[in-house]
Amino acid sequence: MINAILVFNNHGKPRLVRFYQRLAEEVQQQIIRETFHLVLKRDDHICNFLECGSLFGGSDYKLIYRHYATLYFVFCVDSSESELGILDLIQVFVETLDKCFENVCELDLIFHMDKVHHILQEMVIGGMVLETNMNEIVAQVEAQSKLEKAEGGLSAAPSRAVSAVKNINLPEIPRNINIGDINIKVPNLSQFM
Amino acid sequence: MPAPIRLRELIRTIRTARTQAEEREMIQKECAAIRSSFREEDNTYRCRNVAKLLYMHMLGYPAHFGQLECLKLIASQKFTDKRIGYLGAMLLLDERQDVHLLMTNCIKNDLNHSTQYVQGLALCTLGCMGSSEMCRDLAGEVEKLLKTSNSYLRKKAALCAVHVIRKVPELMEMFLPATKNLLNEKNHGVLHTSVVLLTEMCERSPDMLAHFRKLVPQLVRILKNLIMSGYSPEHDVSGISDPFLQVRILRLLRILGRNDDDSSEAMNDILAQVATNTETSKNVGNAILYETVLTIMDIKSESGLRVLAINILGRFLLNNDKNIRYVALTSLLKTVQTDHNAVQRHRSTIVDCLKDLDVSIKRRAMELSFALVNGNNVRGMMKELLYFLDSCEPEFKADCASGIFLAAEKYAPSKRWHIDTIMRVLTTAGSYVRDDAVPNLIQLITNSVEMHAYTVQRLYKAILGDYSQQPLVQVASWCIGEYGDLLVSGQCEEEEPIQVTEDEVLDILESVLISNMSASVTRGYALTAIMKLSTRFTCTVNRIKKVVSIYGSSIDVELQQRAVEYNALFKKYDHMRPALLERMPVMEKVTTNGPTEIVQTNGETEPAVLETKPPPSGLQPPSQANDLLDLLGGSDITPVIPTAPTSKPAGGELLDLLGDLNLTGSPVSAPAPQIAQPPFLLDGLSSQPLFNDISTGIPSITAYNKNGLKIDFTFERSNTNPSVTVITIQASNSTELDMTDFVFQAAVPKTFQLQLLSPSSSVIPAFNSGTITQVIKVLNPQKQQLRMRIKLTYNHKGSAMQDLAEVNNFPPQSWQ
């Protein structure tokens, strides 16, 4: 199973942190720091697998990482996962993010941390791989976002005011008032609505 | 109260912070705002606040005060709230907080919600952080969802079930009926998670494993469809149809086929097909091939398939991609035990990997190389491994050195090669050698008798330039102390002897003593070595005396104790010094560490430490001429160990001293002991755990019976060491006068080794009223027939008597 998924940038700042194991906060932060140091030392042309037994208190664990531009994607797995398979999984994850965010870059991950978590949730549950079909994942994420948008999303309150006004059932304003011979043209005041 | 800022705003603000302190300040301010907002029970903005809290949690700041808020969000009706609430629960809560149990009811309701996404959220959360209590309560709901037709929920339910089983293994049976139709799904997501669920169940319970074996044909069919189906755009990854599912199925097949002939046979075809048809240009193809190879090696596959698998691994080794090479080395390591010959074929490639730049690959290659060393290739492999030891990173050196020692011990083609290899390791990685290597090496060197001169010369040359590597210096000091006479006399046959004076040798030992780099243990070795040289060197005894007396006031207690004792040896017990500091006898190979081993421990190196096992330190003077040698024609016989020099008037006293020393192994610093106390000595002898395994039934013999002196031999064989025979002689006197100053000496043919322990006394009382007992230990590695010549000297009726005899009537059980 997957023990942890970490995404941090070239300076070690965490962009996504997900542990599938019970660990105290300080331990989590320590692991992030040490993983960063371990991974930083690696050249680009050596293999993507690292032993990291001491970090997680067991000798069975490996770090599998990939470096994309300014971000490191690190998966900590135990022996029940295929190493080469996890490499492919990281690739699928990044491509899914790309599809969801349109040419994803680090800023997208920074400002939409919750959305990245939700995408990840469609791929991995409890440390086990759920879905690897990119299109399927994207479709589900889109559907849930639509649900959210229908309710107004996180930044709910201000936009609700606008939509509330839009929904007021104002009575129909006549365009022309014809009383006998008098013909009054009503000016267009729609910009005030 | 102004509306709390949006998540985006917060992130933007935090990013403008230039220092850690600034960031902390901003976060603390925001936390305070969030806390007051929580207190106001503001429903509208709660989700926003919790989102911000989660962000701060990721950066490492405490966020526990948001836990209860997450629960409130989960209980809300809005999807947005629930989404953030569940995420917060997964990130902030776990079973250590009691709060999490409050979630159970919410999750239960949400599992039955009308919207599938809400159900999905609930399943996800339960699958991530559900505690055993929660799992127990909700397992029924999960099982219901496992049977639904909605594939989105079904796959999530499957993974949730895996988590439930992990937490509460007893519930596994509950999910069994639901698994019946799992593999009939078309949806790959459901198939994938179902295979995960089946794998988990099979790994946990052998009954389930047997039950699911019947699924093998179905799995084989699915796999076949995947390979043969051609291009399917929805599952395609780099040209291969759903590689993740293929890998999962292969793994499940591995578990099902292990140790089962029928299942293995059913899989043979499909495995061969996958192995030959998969394209290897991309990583996905290699991932599938790798999994196939692992499966082939694990199940009871036919030999053709196994060869195919190892060849695939061999091809991987030549691949440019480092990742592929790494996994190939890992799997070869797993298979080297079972398919040793096949892996040997790739030995040269593996050895090349030692020179790779990648640390992970180097480590794997090193482990694999050690596994591949055997009697045929040991010379070549050692050369490569020694070269590797020279150039590798420090973290490898300790493991590499230990590995080289082990391999050299098992497969050394000659003693000289063995010693050369050890020397090379000591000089290149001397400081990384493990502590237990030093005594092992000393034992090895002692045992290679013909190499002593060569060894001590090489060691001397090694520490001449550099004496900072502690294990090397320790071994060298010990050898110089033992064989210093060979060093100065230039007796080396193997290589050009060097000219070394006694002073030069003492110089180097003294520099070791003085140097700041020497550890306390090393100094102890050096001091003892200097002391031993006092008997081997002739012209520098005064210098040695001076050095030893200086260290009598050393701050290091260990050194001080040794120096004081050695000083006493010079002053008061000078007559004993030669005997004490004589050459160490050949040590037997310690195969086990049990107390029944007849081990002659190296008591001399740590004389201040009382050995708990009383070591019978043999005293073997190589230089003392032996009457028996003359008698028995010289070259045929090994020098024998006389029990005491006969020149002492108080012969009995000396015997006692030596008897004491035999038992305790340390130089006696107490005043001269009293007359022999036979019971004590006998007790001492019998308390030695050497006689624990007595194989009864070896008849005793009368070795000599003349002039009233009768000597009986009784035999004991050790079960743990069958080439050792322990003979106890009993000498009795049937005449009417005592026999005094009785000395028993023995000699054996060259293939044997003999050790005489001290006798119980030197007086045999008359009229058979008492006996002298003495123990002889014979080492007979070649199991040849035991023969012995004995010489007896004693005083009887006022005249000195002497007699020689040959003992040939040893019973076969004593030496076979």
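Predicted model: local features only at pLDDT ≥ 70, side-chain atom pairs only at ≥ 80, totals over all residues.
**View 1. Which elements line the second largest pocket?** At least two residues each come from β7 (128–129) of chain A and from α10 (188–204), α13 (243–257), α15 (283–298) and α17 (322–335) of chain B. Helices here are DSSP runs of H or I with at least four residues, strands are E runs of at least two, and both are numbered from the N terminus. Residues are numbered from 1 along each chain as its sequence is written, chains are lettered from A in the order written, and side-chain values use heavy atoms, leaving out hydrogens and water.

**View 2. A closer look at the lining of the second largest pocket.** Of its 36 lining residues, A:Ser79, A:Ser80, A:Glu81, B:Arg251 and B:Arg254 lie nearest the centre. (A pocket is an open set of points on a 1 Å grid over the protein atoms alone, where a 1.4 Å probe fits, with protein on both sides within 12 Å along at least five of seven lines; lining residues have an atom within 4 Å of a point.) The lining has 18 charged, 10 nonpolar and eight polar residues, with Asp, Glu, Lys and Arg counted as charged, Ala, Val, Leu, Ile, Met, Phe, Trp, Tyr, Cys and Pro as nonpolar, and the others, Gly among them, as polar.

**View 3. The open sheet of chain A.** Its five strands run in the order β2-β1-β5-β4-β3, with antiparallel pairing (strands pair if DSSP finds at least two bridges between them). β2 (14–19) and β3 (49–51) of chain A sit at the edges with a single partner strand each, so one side of each has no neighbour in the sheet.
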